[in-house]
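Here is a short report on one protein model. It covers the sheet, the helices on it, the aromatic contacts and the core.

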Amino acid sequence: MKQVTLGGDIWSYEEQGTGQPWVLVHGFPLDRRIWTGVAAELSRTHRVITLDLPGFGKSTLGSGFTILSLADGIAEFANRLQLGRFALAGLSMGGYIAEAFASKHESMLTALALVDTKAEADNPQQKQGRDKMIELVRTSGSKAVADDMLGKMLSPETIRSSPQIVRDLRAMMEAVPPKTIEIALAAMRDRREYLSLLPKLSVPLLIVVGADDVISPPSLAQAMQQAAPKAKVAVIPSAGHLAPLEQPKAVADALGGFVA
C-alpha cells in the first residue's frame, strides 16, 4: 500500500506489474479492491494502479469533491507518479470520473474504458433518487445504503453461486463513511452529461458491460456505441453491475486485448 498527499486529501493506491500503465478507478460506494482480480490478471502484461478515491478505502477526505474535481485529482495523481500517458478505466461512478477526465485531460490518455456506467446526466427522477439516498444515509448510516443497493449490484448467478463475493461486497460498502456517501451522491447527482463528448474523443474507447447489469444495462452501452461508432463494446456474461468483481478474468482480457 502506497500513499500520496494531494491538496488536503491522502490518496492510497497499489501498483503491480510493468509496462504500459493502466489506472483503474472504482465505483460507488466501493474501493480499489473491486479491481483486485482484474489487476492480478492485467499486471501480467501491464503496470496496473488501483486507487482509493478520497474518503473511500484507505484514503482520507479533507473536504468535499465533485466528479470534475476527482478527475483533476487523478491528473495530479498521475503526474505525481510520473505515469506519462496511460490507459484509464472507470467503473460506474469511476466511469463518470473517467469521462470527466477525458473531457479535460485527454492528451494524458492512451485509451479509455468505461465499465458498467453511462454517459447521460441524471434525469429529474434519478436526481430525486439520489436525494432520497442522501436522506437515508443521514438518518440510517452506511449499512442502510448497502441494504438498499446490494441486490441490484450483482447478477442473480453471482448472488446464488458466490456467497463470499456477496459478503465481501457488503463489508466494502458498509465501511464507507456516511459523509463520503453523502458527498458522492451529490457529486453524481450534479454531474454533467458526457454522451456528446464520446464521438469527439481521439483515443480508443472501450465500453464494458455486464450482461445482467440492471443499473447501467447493455442498452445504455449500445447507446454510447451509437454515439461513438468507433467504440468497441464487450458484454461480460454472468455479470451484473460489478463485472470486474464478478468476472475479473473476462474483464482483464477485454482491457488487455483492447490495448494490445
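The sections below go from the basis of the model to its sheet, helices, rings and core.

## Basis

This is a predicted model, in which local features need pLDDT of at least 70, side-chain atom pairs count only at pLDDT 80 or more, and totals for chains, interfaces and linings use all residues. Residues are numbered from 1 along each chain as its sequence is written, and side-chain values use heavy atoms, with hydrogens and water left out.

## Sheet

An open sheet is built from 8 strands, ordered 1-2-4-3-5-6-7-8, with mixed pairing. Strands (E, at least two residues) and helices (H or I, at least four) are DSSP runs, numbered from the N terminus. Two strands pair if DSSP finds at least two bridges between them. Strand 1 (2-6) and strand 8 (232-236) are the edges; each has a single partner strand, so one side of each lacks a neighbour in the sheet. From one strand to the next, the twist averages 25°.

Strand 3 (residues 21-25) and strand 5 (residues 86-91) run parallel, joined by 4 bridges. Here Leu-24 stands opposite Ala-89 in strand 5.

## Helices on the sheet

Helix 3 (residues 93-105) packs on the sheet and touches strand 3, strand 5 and strand 6 (109-115). Its direction makes about 145° with that of strand 5. Contact means heavy atoms within 4.5 Å. Axes are lines fitted to C-alpha atoms, for helices over the stretch in contact; angles run from 0 to 180 degrees between N-to-C directions.

Helix 2 (residues 67-80) lies across strand 1, strand 2 (9-16), strand 3, strand 4 (47-52) and strand 5. It runs at about 120° to strand 1.

## Aromatic contacts

The structure holds 3 aromatic pairs. Rings of Phe, Tyr and Trp (its six-membered ring) pair if their centres lie within 6.5 Å; planes under 30 degrees apart count as stacked, over 60 as edge-to-face and the rest as tilted. The Tyr-13 and Phe-77 ring centres are 5.1 Å apart with planes at 85°, so this pair is edge-to-face. Tyr-13 is in strand 2 and Phe-77 in helix 2, so the pair ties together parts 64 residues apart in sequence.

Trp-11, Tyr-13 and Phe-77 form one aromatic cluster. Tyr-13 counts as buried at 8% relative accessibility. Phe-77 is buried too, at 0% relative accessible area. Buried means under 20%, exposed over 50%, partly exposed in between (1.4 Å probe, protein chains only).

## Nonpolar core

A nonpolar core is a set of buried Ala, Val, Leu, Ile, Met, Phe, Trp, Tyr and Cys residues joined through side-chain atoms within 4.5 Å. The largest one has 95 residues; Trp-35, Met-93, Leu-112, Leu-169 and Leu-255 touch the most other members. Not counting residues up to four places away in sequence, Leu-255 touches Trp-22, Leu-24, Trp-35, Val-38, Leu-42, Ala-113 and Leu-206.
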